[in-house]
Every structure is written in C-alpha cells, then in structure tokens.
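Here is a short report on one protein model. Please look over the sequence and the structure before reading on.

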Amino acid sequence: MEAPLEDETPAGALAGIEVPDHGEELKASDEALTLMSSFEPAELQKCVFPDSLVTVSESGRDLGRFSVSVEFARRGQQTCMLLHAQSQGAIDDSPCGTTVTAYLTTDLEVLEEDYHEYVKLEGHSLDKRCHMVQRDGQLVINKVTTVGEEVTKESASYPISVLSGLVTEGSNLLLMRLIALRKKVPEQMTFISFDQGLHIIHTTFSELGLKQLEVGDEMVEVFGVQRIVHSVEDSPTTWQCYFLPNGHLASRVQVGSPVTMRLLQMPSQLEKGFEKIPLLWEGDMQMRSKFLDRKEELKADHASYLRQHPEIRALISDFLQFLLLRKPDDVFQFAREYFLPFASRRPPEPNLTP
C-alpha cells in the first residue's frame, strides 16, 4: 500500500495538469444527492454480505475471479461501512488484477480508499495505485503509475464541499447494491467521479429493467443497473450489472469487453431464507479427533515457522510498543506509515520465468 505523497498543489489542482476552477467544476444532480442521503440503516444492513463471481471469456473459458464484500466497521471513533473488492485473472496468460478497499460513511461519503491495479507482462508490467483520504476538510488524492521502470506520481486535493455526490470505484459497488434492493433507479441519476487524470467528471446511472438469467441450473429474474463513466480525454466507459432480488450480484460486464463476470450458483440456503442446520462436531468423536489433530498440526507448523524467523516477533513487538506509546485514533493509517519503510526495503521478487 502506497503512502500518501506530499501534496503541495493547490486545492483541486493536479501536478503538471491544468484543471478548471471550482466554480466551473461539474456537480451531481439534486436527485442523485437526495438518493445518497435517503438510505436507511436497515437497507445498509441488507447489504452486508459477500459476493463471488467467476470471470469468463466469450467461449466460456474460466479467466479468473471477482469478489466483493461489505461489512460494518470502525475507523477511529467513527462507525462506517468497509467495502473490499478484488478481481484476479489473466489476459493472454498474463496475470492481472484489481483491488479496492474503501471506508464509507452511511451516506456513502468516502473517508478513505485504496485502489490497486496491475498487469504483469513479460518485460513490460503496469502497476497503478491510487489512495484518497479525507484530511482537514480536503480529499487528498495520490496516484502512482509504474510502467516498466518508469514511475509517474500525481497528486490532487479537493475541498469536501465541492464533492457532494462523489462516487468512487468503491462506493459505486455499494450504491449499486442499494439501488438493486429498491429495484428502481430514479430519473436524473448524475453523480460525479474522477477520471484517470483525477479530473472531476460525470457518471450516470440508469435502469436496465428485469430479465431472466441462467444461474446454475435454474432461470432467475434479475434487475439491471447501468453505469456510464464519462472522461475528459477518453471515450465513456459503460458497465452493466444485474442483481438477484436479495441484492446479490449475478452478472457484471463492461460493454464492448469480451469478458463477463458471472454468478455460477445461487447463494447459500441461509441467504435464500432457509434455516441453516448447525454442525454439531463436538459431539462426534471422530470429527473431534480430526479437529484436534489438525489443530495440533497447524500449531506445530506455525511454531516452526516462527522459530525459523525470529525477526517476526521482534517486528510485531516493536510495532505494538510504538502503537501503545502513540495511541493513534486511526490505527489503519498509523500501521501503513509504520510498515511502509519495511516494504520499501524488501528485495525484488525473483524472476521465476524459465
């Protein structure tokens, strides 16, 4: 995880690139702002579950996995929503992936978000990292792009007051869940977002309606939501997502892409409304014996690894002492700043390509 860069550009300015004054910046529609502030705690609670889809090609070839989870969390003294999404796969047999971790208020305002995207090509890799965090009434954004050996760093800062209706890569996924549970997309759903150059742009949501979709061995009714992300320099990007009645993601595709993310089987019986029968393993002597054997096996394996790496105990001990000495409100940020120097000194990974 990248540490925030020094942000010395004026509010809303991107290093080396001109952006419009705040008075000229795009704004979200009143309808979009009303929607974001209308979600009740009970609706947010219904969104607390994981999703897991497979990524397939037009020919049906398995290319990777996509997962997203939402849970309640605390960031410092503030109760918030924690969203984590991850996509992993391969493009022409080259590993690629995207990871998003976002802390959001119950009004879907971004408190902090980390975005990481990579494509590992032989002799030419791409790595993008973007971190945004609220700090002193500003949303501070730092982006690092690495292409091969070339590293480009960009930074921007916007007053929170001009970012009402902001939808990011993280909050977009939760917003879609909430909309799908209501099974209705209001008119004039125009939000703001950031493009690749960190400029403020418009992103719009619209309703695709209901259709039948095959999930596993059955046909189910799904509700569709479309998101169009505009750009200052590039063509708009369109995403189409379809959801089950309970809010689970059933299909996700970028229009024009040969790759589709699909749900292969229906959610568990518990999520479909059936009571889950508990496994009473403690009363089964054979299962209990297997559990205890496995437990001792893991303990021995972990103990052996710790003996081989005594630096682990020293590292954790030093961190805990420093943590208790400083007692920071934001443990997440404190840990990032503490461990980043260790990560930067890590030796490069060996090239295992034969």
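The largest cavity is lined by Asp 51, Phe 66, Val 68, Leu 173, Met 176, Arg 177, Cys 241, Phe 243 and Leu 249. A cavity here is a set of points, on a 1 Å grid over the protein atoms alone, where a 1.4 Å probe fits but cannot get out; lining residues have an atom within 4 Å of a point. This is a predicted model: local features need pLDDT of at least 70, side-chain atom pairs count only at pLDDT 80 or more, and totals for chains, interfaces and linings use all residues. Residues are numbered from 1 along each chain as its sequence is written, and side-chain values use heavy atoms, with hydrogens and water left out.

The volume of the largest cavity is about 70 Å³. That volume is the space filled by probe spheres set on the grid points, which are joined across faces, edges and corners. A search of the whole structure finds 1 cavity of 30 Å³ or more.

What is the lining made of, by class? It has 7 nonpolar, no polar and 2 charged residues. Ala, Val, Leu, Ile, Met, Phe, Trp, Tyr, Cys and Pro count as nonpolar, Asp, Glu, Lys and Arg as charged, and the others, Gly among them, as polar.

Strand 2 (62–75), helix 3 (169–182) and strand 12 (237–243) each supply at least two lining residues. Helix 3 gives the most, with 3. Helices (H or I, at least four residues) and strands (E, at least two) are DSSP runs, numbered from the N terminus.

Helix 3 is mostly covered, with 11 of its 14 residues buried. Buried means under 20% relative accessible area, with a 1.4 Å probe and protein chains only. Among the buried residues of helix 3 are Leu 173, Met 176 and Arg 177.

Now the whole protein. It has 6 helices and 14 strands. Of its 354 residues, 38% count as buried. Its accessible surface comes to about 21,100 Å², and 53% of that belongs to carbon and sulfur atoms. These areas come from the Shrake-Rupley method with a 1.4 Å probe.

Key:
On a 1 Å grid over the protein atoms alone, a cavity is a set of points where a 1.4 Å probe fits but cannot get out, and a pocket is an open set with protein on both sides within 12 Å along at least five of seven lines; lining residues have an atom within 4 Å of a point. Buried means under 20% relative accessible area, exposed over 50%, partly exposed in between (1.4 Å probe, protein chains only).
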